[in-house]
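Biologist: Could you walk me through this model, starting with how you use your terms?

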Amino acid sequence: MKSKSSFKKVFALVLFLLFMIGVKLNAQKTVEIPSYKKFKISIEKTENGLKMKSLEGTAWIDLSFSLKNDKPQAIDEFGMTSLKDTKPKESQDLANFKFTISKTDEGVTLKGLEGTAWKELSFSILDNEKKIIDQNGMTKLN
């Protein structure tokens with residue numbers, strides 16, 4: 001009887017040690033958080049479509065365009081683009097991003113394709129109201 005009890009204790013101790021080694025190995029893994037270059041853009045819903053103003057990180061200053069609801073327009077650091085367009089060589093001075101923007105009945109939906117921490121943003125926006133986005137999502141002007 002004593003040998004079975006000793007065996008169970010040793011077995012339990014070995015299992016516990018293996019578990020602790022596994023926990024320690026998992027705790028040592030590092031997760032790399034991608035860094036994105038900064039950009040900041042204001043978005044305004046107009047009667048005819050959308051108006052965007054770059055505040056930081058782009059080659060363009062103002063963009064205005066008409067959109068039918070749910071029809072996406074691709075935007076990158078150089079302005080309006082196509083989903084099929086390949087970008088020129090990346091610039092050290094620009095944010096190197098690409099997203100689509102679609103007008104909805106309530107506001108807009110953006111889908112981050114590259115250079116953004118967000119995959120999708122949707123928010124309501126009234127006519128002539130401005131919202132600010134950056135590489136991390138919605139933000140404030142400052």
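Modeller: Buried stands for under 20% relative accessible area, exposed for over 50%, and partly exposed for what lies in between, using a 1.4 Å probe and protein chains only. With 44% relative accessibility, D62 therefore counts as partly exposed. This is a predicted model, in which local features need pLDDT of at least 70 and side-chain atom pairs count only at pLDDT 80 or more, while totals for chains, interfaces and linings use all residues. Residues are numbered from 1 along each chain as its sequence is written, and side-chain values use heavy atoms, with hydrogens and water left out.

Biologist: OK, and which residue does D62 form a salt bridge with?

Modeller: The partner is K53, with the closest N and O atoms 3.9 Å apart; a salt bridge here is a side-chain nitrogen of Lys or Arg within 4 Å of a carboxyl oxygen of Asp or Glu. K53 is itself partly exposed, at a relative accessible area of 38%.

Biologist: How many salt bridges does the structure hold?

Modeller: There are two, and the side chains of E129 and K131 also meet in one, at 3.6 Å from N to O. E129 is partly exposed, with 26% relative accessibility.

Biologist: What about aromatics, how many pairs turn up in the whole structure?

Modeller: The search finds four aromatic pairs, where rings of Phe, Tyr and Trp (its six-membered ring) pair if their centres lie within 6.5 Å, and planes under 30 degrees apart count as stacked, over 60 as edge-to-face and the rest as tilted. F97 and F99 have ring centres 5.6 Å apart and planes at 15°, so that pair is stacked. The rings of F99 and W118 are 5.7 Å apart between centres with planes at 55°, so this pair is tilted.

Biologist: Are F99 and W118 buried or exposed?

Modeller: Both are buried, and together with F39 and F97 they form one aromatic cluster.
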